[in-house]
Every structure is written in structure tokens, then in C-alpha cells.
Amino acid sequence: MPASAANNRPEDLTARLGVGAGAAQGEALLKALREVKNQIIGNKTKKLLYLHLGAVPKIVSVLAAAAASSSSDSGGISRGGDAAVIVQAAAAIGSFACGVEDGVRAVLDAGAVPHLTSILSHDDEKVVDAGARSLKMIFQSELAPKYDVLQEKNLNFILSLLDSDNENVTELAASIIAHSCETNEQQKALCDAGVLLRFVSLLGGSSNQKDGCLESIAAVIKNNPEVSSRFSCTGNGKALNALANLIQDRYPHTRLLACKCLIAVGHASPCYVEELQIKTKLVLVLVELLEEPGRVGNEAPFSLKTLIADDEELHKQALSVNAIEKLCSILQMSSVQARRLQGILLALAELCSKLEKCRCQLMSPQVLNLIVDALKHDCMDVRVAACDCIRNITRSLKNLSAGCLSSEAFIVRLVQLSHDPSTSVQSVLIKCGGVSQLVQLSKSMDSALRSRSVLALRNLMFLADITDKEFILKELTLCTLASLIYDSECSIQEQALALTSDLVDGCSQSVKHVLAEDSIILDAVMRQLQNASSIGVCIQGMFVLSNIAAGSESDKDTVMNYLVPPHTDSCIPSFTIKFLQSKDILLRVASLWCFVNLTDPASVGSSRRVARLQDAGIVLQLKSMLNDPCLDCKLRVRMILEQCMELETAQA
């Protein structure tokens with residue numbers, strides 16, 4: 001191995017970064033900095049290695065020492081022989097922060113930002129360029145600090161950067177604004193300070209400068225009608241004309257950003273971008289950009305979706321320029337990055353939301369299979385987008401009645417999605433026709449298929465909000481649910497009861513359904529509790545009663561009347577005592593929770609219910625369980641008895 005190669009090992013170079021770190025000049029130090037920078041540019045593996053070796057804090061220390069030693073006695077920054085060290089150190093820091101979040105974190109933790117900011121006032125243009133470029137890379141990350149422009153000091157700093165003749169510095173100002181501007185107050189403060197006017201004047205600069213200005217303009221006007229209106233009126237429409245011209249720029253990224261700005265203006269102040277001709281141009285440009293590689297192609301579908309949202313006329317325009325064909329063509333590529341795949345699916349979902357012609361174009365087996373395959377993608381956002389797409393496809397009665405969405409692969413995916421950990425995925429699944437498909441499967445003659453479908457419905461019910469619960473039950477119907485509780489298979493009975501328990505869990509509004517149609521569901525639950533041989537069925541049945549008993553006074557009395565029927569000479573159904581004496585811990589726990597809820601001291605009828613429990617021998621049984629071997633049971637027993645004593649004391 002050549003001696004030079006041996007000396008350039010990352011471990012050796014990192015060690016050399018500490019040699020003479022405080023010196024203004026040092027040939028060895030300069031060579032080490034340059035070599036580290038050259039090794040890590042575009043090489044994530046090398047970046048991570050140097051991060052592990054602790055190179056970043058050493059380089060920041062070199063930068064700080066070199067910048068301090070180049071300061072003149074008067075406090076200004078003067079040209080010095082250490083300028084080359086500063087340039088190389090700043091470039092290395094920027095490279096560490098480029099594309100690697102761990103690198104950004106290391107740079108920020110080492111305190112690089114203040115030192116990089118200080119060299120922006122250096123009198124060597126190369127030093128200023130290096131500092132500005134490095135800071136731009138840092139501010140491309142969400143981890144970068146945000147400047148609150150409502151603070152005068154921060155606003156003045158940004159304005160000073162914008163007033164610079166150095167393009168890298170003005171691009172840095174644009175990056176900071178795009179990263180930091182989040183509230184309406186901040187948008188207005190920047191607008192009042194003349195930032196938008198300055199950006200418009202800079203749109204004639206280099207490609208990078210234009211792109212930075214466009215990103216910042218979009219950030220400052222987004223969802224702010226007042227600021228958007230003021231921007232649109234700038235120079236009697238000069239600003240809007242500049243944006244309209246830039247959607248035809250030679251660079252794809254610039255065209256995309258110009259489209260984003262016009263879309264932001266159109267959403268915040270529709271009157272300024274209401275001409276169909278402008279919107280049609282935007283559709284055309286964005287559809288062309290779909291096929292661009294990299295970041296532009298990844299982001300174009302999102303912008304297209306935003307532009308045409310809820311606008312049937314624009315849907316037709318997109319259809320006329322073959323938007324769906326292009327989206328489907330990209331979808332069929334061998335490898336599509338997750339971000340682009342999400343955008344394509346969302347754009348297709350939007351296009352299918354209104355026009356039947358659009359839906360029909362997605363019904364080819366190749367395209368539909370790809371959308372179904374996306375339901376199992378590793379990225380949650382892709383799965384949600386795929387669900388959204390399928391939901392809008394299923395709006396087609398023609399396709400549904402033709403059985404296009406009844407394939408085995410499609411049904412299997414729906415069942416698998418019911419286990420998805422994302423509530424967003426499950427919520428979309430509920431609304432995309434998945435529930436009706438699962439309900440049909442629950443009626444199958446195949447017990448295994450019935451079992452899987454009921455389990456899937458239970459999973460959906462478990463995480464559903466009140467609206468989704470109502471929807472699921474409407475599709476399922478009380479009659480079907482009762483028949484599943486009576487199913488010949490114990491495993492299906494158990495899952496059906498668990499589904500019922502999830503229906504009423506924490507949702508008193510849902511209890512009315514269990515009591516509807518002459519209490520068809522509650523009667524089924526009680527019959528299974530009295531006759532079931534399966535412990536699992538008994539456990540889930542008692543959880544149903546427990547959840548109902550957690551509801552209103554009327555709900556508690558309903559459960560009480562089932563457990564201890566009135567006018568029966570205090571004769572208690574044998575299953576209640578039997579469950580409390582069971583060797584199965586979970587069955588005892590489920591039964592005890594029911595009595596915890598029935599004896600709640602905050603409920604006005606609890607004293608009456610406690611008296612009936614005493615007459616029925618339940619309280620006596622509970623006292624015999626004070627030393628239950630299960631700690632959870634023991635705690636529940638004590639809770640019930642303490643509640644009973646509290647109620648008796650209050651009555652005395």
C-alpha cells in the first residue's frame with residue numbers, strides 16, 4: 001500500500017484534524033481537511049464512518065479557531081492565510097449535513113451554525129461562499145433551527161442576507177425563510193418587510209437563486225389570503241406574470257416550483273388564478289413533469305393532486321392530456337420510490353373521485369393488481385394512498401356489480417389490512433368497500449373463511465371511532481351479528497362476541513344497538529353465557545356485559561336484570577357464581593369487572609343493585625375471594641366490596 005494511501009485512512013485523518021487545530025495556517029491540517037471533504041462527498045458510508053470517529057466536532061473546532069484567528073483587532077474579519085482552512089472546514093461541514101440526518105445532527109450538536117454564520121461577514125468571497133453553501137445544506141433538513149422572524153433581531157439578519165450581492169447568501173436567506181415561515185403572523189411580518197418584493201426582483205438570477213426564491217414565495221403566501229393578494233397585486237401583476245413565465249422555464253425543478261407558487265396563490269386567493277387557461281397550462285406542465293427523474297418526478301403527482309382537487313373541469317383537462325396513462329405507466333415500472341408511489345396513488349385517487357371514465361381506466365388487471373399490491377407496502381403512507389385509491393374506484397357501481405373487485409387477491413388484502421397497525425389505513429379501509437366484502441365472507445359456508453372475516457371485522461371495530469362503528473354495524477346488520485354469535489364454531493362465537501364488546505367499549509351511544517330489535521344481540525349473548533362450553537366464549541360474553549354496565553344508569557339496570565332477574569325469589573342463574581368460581585383467571589376478571597361497574601358509587605341506583613346482589617349471594621361469594629391467588633382478581637374484589645361498604649354507609 002502506498003504511504004500516501006496509508007496516511008489517508010479515516011482513523012489517521014481524524015487524528016490529524018486535532019493537530020494544530022488552533023493554528024492559523026497548517027499545511028498538514030489543510031491537507032487533512034481537504035482529504036476528508038473529498039472522501040465524504042457523495043459517499044454516505046464514509047460520512048457515517050467519520051461521524052463514528054468523531055470527526056465533526058474536530059472540524060468545527062478547526063473552523064472556530066481559524067475564524068477567530070482571522071479576526072482583526074477592530075473586530076472585523078480580514079483576509080488571512082487561514083482563509084483556505086476556513087473554506088475547507090466549512091465545505092466539509094456542509095457535506096456532512098447533506099443528505100444524512102445523522103450528519104445534520106452531529107453538525108448542530110457541535111455548534112457549527114454560529115461559526116458558519118460569523119464567516120458570512122468575511123472579506124474573502126470564497127469564505128463567504130463556503131459558509132453560505134454549508135448553511136444552505138443544513139437548512140434543507142427539518143432538524144435545522146428555525147428563525148422566528150417575529151423577533152426583530154432575526155428579521156433584520158434575514159433582511160441583511162437578502163440585501164447581499166452574493167447569490168449564495170441570498171439563496172441562504174431564501175432557504176431559512178422556506179424552512180422557518182410557519183404561521184400567518186410570520187408570513188405577514190415578512191411581507192411587511194418587503195421580502196416578497198425582493199424575491200420577485202431576484203427571479204431573474206441563476207437557476208439555484210430562482211428555485212430558492214420560488215420555494216420561499218410559496219412558504220410566505222401559503223394559505224394566507226391577505227399576503228397572497230398583496231403578492232398578486234405587486235407591480236400591477238408583475239409577480240404573477242413572472243411565475244407564469246417560469247412554468248415554461250428550461251429547468252424542470254424551476255417549472256415545478258413555479259407551479260407550486262401559482263397553486264398556492266390560487267388556493268389562498270382564487271380570484272387571481274381563476275382563468276381556466278392558466279389552470280390548463282398548469283395541468284399540462286405537471287403531467288409532463290410526472291416522468292422526470294428524482295425529486296421533480298416524486299413531487300409532481302402531489303402538486304397535480306392539489307391543483308385538481310374537487311374540480312371536475314380540471315379532472316377532464318387532466319384526462320385529455322393522458323394523465324392517467326402516464327401515472328399508470330410509472331406505476332408499472334419495476335421499482336418506484338415510496339414517495340413517488342404515494343403521490344401517484346393519491347393523484348389517481350383524486351382523478352377517480354368524480355369521473356366514471358377515469359375509474360374505468362384503472363380496471364385493467366395489471367393496474368388494479370399493482371394498486372392492490374400497494375396495500376401491503378412497507379410504507380404506511382403508501383398503504384393509506386392505495387386505500388384512498390381503491391375507495392374511489394369502488395364508487396363505480398358498474399365495476400362493483402361486474403365483480404371486478406371480488407378477486408381472491410383483493411379479498412385477502414382487505415383481510416390483511418384489518419390487522420394494519422395504522423388507524424389511518426383502517427379508517428380508509430372501512431370506507432373503501434372493504435367492510436361489505438368482509439360481511440359477505442362472514443356468511444360463507446367455509447368456517448375458516450367465516451372465522452378470518454369476523455376476526456378482520458373485529459379488528460376494524462376495535463380501533464374505529466363512533467362514525468366508523470356505526471358504518472360497520474350498518475353493513476353487518478344486527479341479524480347477521482346475532483347469527484355469528486350463534487355460529488356452530490366456538491372460535492367464531494368468540495370473535496363475534498369480542499366484536500360486540502368492542503362495539504360498546506367506551507361508546508355509550510353504541511349500547512342502543514345491542515338493545516335494539518327486542519334486544520336480539522343481548523339475548524344472544526345471555527343464551528351463550530348460559531349454555532356455552534367454551535371458556536373463551538364465556539370470557540368475551542362477560543366483557544360485553546361489563547362494557548354495557550359501564551354506561552348509563554339504564555344500561556346498568558338492564559345488565560342487572562339479566563344477571564339477577566327480578567321476581568324470581570332471588571334465584572340467580574347458575575353461570576354467574578360458576579364464573580366467579582372458575583379456575584380460569586381471565587373469566588374471573590371479566591366477571592368481576594362487570595360487578596365493579598354495577599356497584600359504582602357515583603351511580604344513583606347502585607345501592608339498590610348492591611342489595612339485590614347480597615340477596616342473590618353474590619356479595620358472599622365475593623367475600624370468599626378476598627385471598628384470590630390472582631392479584632388482579634384480589635384488587636377487583638376489594639374494589640367491589642369497598643364500593644358496597646361505601647354505599648351501605650351512605651344509606652345508614
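This is a predicted model: local features need pLDDT of at least 70, side-chain atom pairs count only at pLDDT 80 or more; totals for chains, interfaces and linings use all residues.
Figure 1. A disulfide is a covalent bond that joins the sulfur atoms of two cysteines. Two cysteines are shown here. C233 has a relative accessibility of 43% and is therefore partly exposed. C360 is also classed as partly exposed, because its relative accessible area is 31%.

**Figure 2. D310 in a loop between two helices.** D310 belongs to the loop that connects α19 (294-308) with α20 (312-320). The phi angle of D310 is near 60°, which is a positive value in a residue other than glycine. For most residues other than glycine, phi is negative. D310 counts as exposed because its relative accessibility is 64%, and the cut-off for this class is over 50%.

**Figure 3. E517 in helix α35.** Helix α35 spans residues 516-531 and contains E517. This residue, E517, is not a glycine, yet its phi is positive, with a value near 50°. The relative accessible area of E517 is 53%, so the residue is exposed.

**Figure 4. K512 in helix α34 and its distance to I548.** K512 is part of helix α34, which comprises residues 508-514. With a relative accessibility of 52%, K512 is classed as exposed. Along the sequence, K512 and I548 are 36 residues apart, while in space their C-alpha atoms are 9.8 Å apart.

Definitions and conventions. Residues are numbered from 1 along each chain as its sequence is written. Side-chain values use heavy atoms; hydrogens and water are left out. Buried means under 20% relative accessible area, exposed over 50%, partly exposed in between (1.4 Å probe, protein chains only). Helices (H or I, at least four residues) and strands (E, at least two) are DSSP runs, numbered from the N terminus.
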